[in-house]
Amino acid sequence: MRTIYLDNESGALTRPVVATVGFFDGVHLGHQYLVRQVVDRAHTLGLESMVITFDRHPRSVLRQDFQPQLLTPLDEKLRLLGLTGVDVVVVLRFDKVMAMLSARRFMDEVLRVRLCVQQLIIGYDNRFGHDRAESFDDYARYGREIGMQVTHASAYVVDGIEVSSSVVRAFLHEGEVTLAARCLGRDYTLYGWVSDGYKEGRKLGYPTANLDVSRIGQLIPGNGVYAVKARVGAASRSMPAMTNIGMRPTFAGHERTVETHIFDFSENIYDQRLDLSFVRRVRSERKFEDVNALVDQLKLDEKEIEKILKENGFE
């Protein structure tokens, strides 16, 4: 897969392609289904396949106070798109100039002229262009006017649910990481860095690595205790772990934290990269009468999580 970054000054591409366009947050099963259609159509026509995406969430340009809760950072999104078999991914710089383009101008000036899109396959729920006001019928009409074939893809359905990034986010907000994984086709993963914490866990015999929440541009799942797979730095394998997300009510906490205890692990990983793949939510966060009651519960959590991870093929 080739990755091309384009801004307003970049030159035009000249090879005709079959393409789709969108933000593709999460690269979930619905996205993968859409890209497969693009790849198959391009192969049939003897053309290259292309995914067109953006370097930042469009709403972060339109609203300065918007804090995107992403499912995947850009580098991970590109890695996942690379697994789909698509030939080219174009990352467009989304700025205020692009935000002001109508859907017709975007299709003509960007897709047709600059990217040489011959056929466009649009996701079932995708909208683009200034104010996102147009429908698929409008896109199809613009395509006829500028000589571009436009096709509307159907939704990808899992257990009666039309898979979308919004659906995945809703599951994660509720702590339903198992349902989110069924839509993603993999465990949901947070990518972060270890920061200095309160060190309460160490006193209890459960030292934790604390993710720097301020550096996480992703959606953090709902509060609770989770079975997770932890990967430190560039390690080739993950380690079994349990993660608590919440306010630390037993210690009268006032900030939301993401704290992970890695089983049978004692290395200092401060300021290192830590990736957490969420397998299952074990329980909600709650306040205990004292630290002894908390420790008793942590022992039960550890046993249950070890069993869960083993059931999921993780030794």
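Helices (H or I, at least four residues) and strands (E, at least two) are taken as DSSP runs and numbered from the N terminus. The model is predicted, so that local features need pLDDT of at least 70 and side-chain atom pairs count only at pLDDT 80 or more, whereas totals for chains, interfaces and linings use all residues. Residues are numbered from 1 along each chain as its sequence is written, and side-chain values use heavy atoms, with hydrogens and water left out.

The domain assignment divides the chain into domain 1 (2–161) and domain 2 (187–312), the bounds coming from an automatic or database domain assignment. The centres of the two domains, taken over C-alpha atoms, are 36 Å apart. Their contact (heavy atoms within 4.5 Å) involves 7 residues from domain 1 and 6 residues from domain 2.

Helix 1 comprises 17 residues, 29–45. From its first C-alpha to its last it reaches 24 Å, close to the 24 Å expected at 1.5 Å a residue; the expected span is 1.5 Å times one less than the number of residues. Leu29, Gly30, His31, Leu34, Val35, Val38 and Ala42 are the buried residues of this helix, where buried denotes under 20% relative accessible area, exposed over 50%, and partly exposed the range in between (1.4 Å probe, protein chains only). An α-helix has 3.6 residues a turn, so residues three or four places apart point the same way. The packing partners of the buried residues of helix 1 are strand 2 (17–21), strand 3 (48–54), strand 5 (117–122), strand 7 (157–158), helix 7 (165–173) and helix 8 (177–184). Just after helix 1, glycine 46 adopts a positive phi of about 75 degrees.

Pockets and cavities were identified on a 1 Å grid over the protein atoms alone. A cavity is a set of points where a 1.4 Å probe fits but cannot get out, and a pocket is an open set with protein on both sides within 12 Å along at least five of seven lines; lining residues have an atom within 4 Å of a point. Grid points are joined across faces, edges and corners, and a volume is the space filled by probe spheres set on the points.

The largest pocket holds about 940 Å³ of space. It is lined by 40 residues, of which Gly22, Phe23, Asn126, Arg127 and Arg132 are the closest to its centre. At least two lining residues are supplied by each of helix 1, helix 2 (58–62), helix 4 (96–99) and helix 7, and helix 1 provides the largest share, 5 residues. The lining consists of 19 nonpolar, 14 polar and 7 charged residues, with Ala, Val, Leu, Ile, Met, Phe, Trp, Tyr, Cys and Pro counted as nonpolar, Asp, Glu, Lys and Arg as charged, and the others, Gly among them, as polar.

The second largest pocket has a volume of about 390 Å³. Among its 20 lining residues, Arg202, Pro207, Thr208, Ala209 and Glu267 are the closest to the centre. Strand 9 (188–195), helix 9, strand 10 (209–211) and strand 13 each contribute at least two residues to this lining, the largest share being the 3 residues of strand 13. By class, 7 nonpolar, 9 polar and 4 charged residues form the lining of the second largest pocket.

The count of cavities of 30 Å³ or more comes to 1. The volume of the largest cavity is about 360 Å³, and 23 residues line it, with Asn244, Phe251, Glu259, Leu294 and Leu298 nearest its centre. Helix 9 (200–203), strand 12 (239–246), strand 13 (257–262) and helix 10 (291–311) each supply at least two of the lining residues. This lining has 9 nonpolar, 7 polar and 7 charged residues.

Proline 240 lies in strand 12 and counts as partly exposed because its relative accessibility is 21%. Its C-alpha atom is separated by 6.4 Å from that of valine 228, 12 residues apart along the chain. Leaving aside residues up to four places away in sequence, proline 240 touches Val228, Ile262, Phe263, Leu309 and Phe314.

Positive phi values also occur in aspartate residues. Aspartate 159, in the loop between strand 7 and strand 8 (161–162), has a phi near 50 degrees and counts as exposed at 56% relative accessibility. Aspartate 264, in the loop between strand 13 and strand 14 (273–283), has a positive phi of about 50 degrees and is exposed, with a relative accessible area of 83%.
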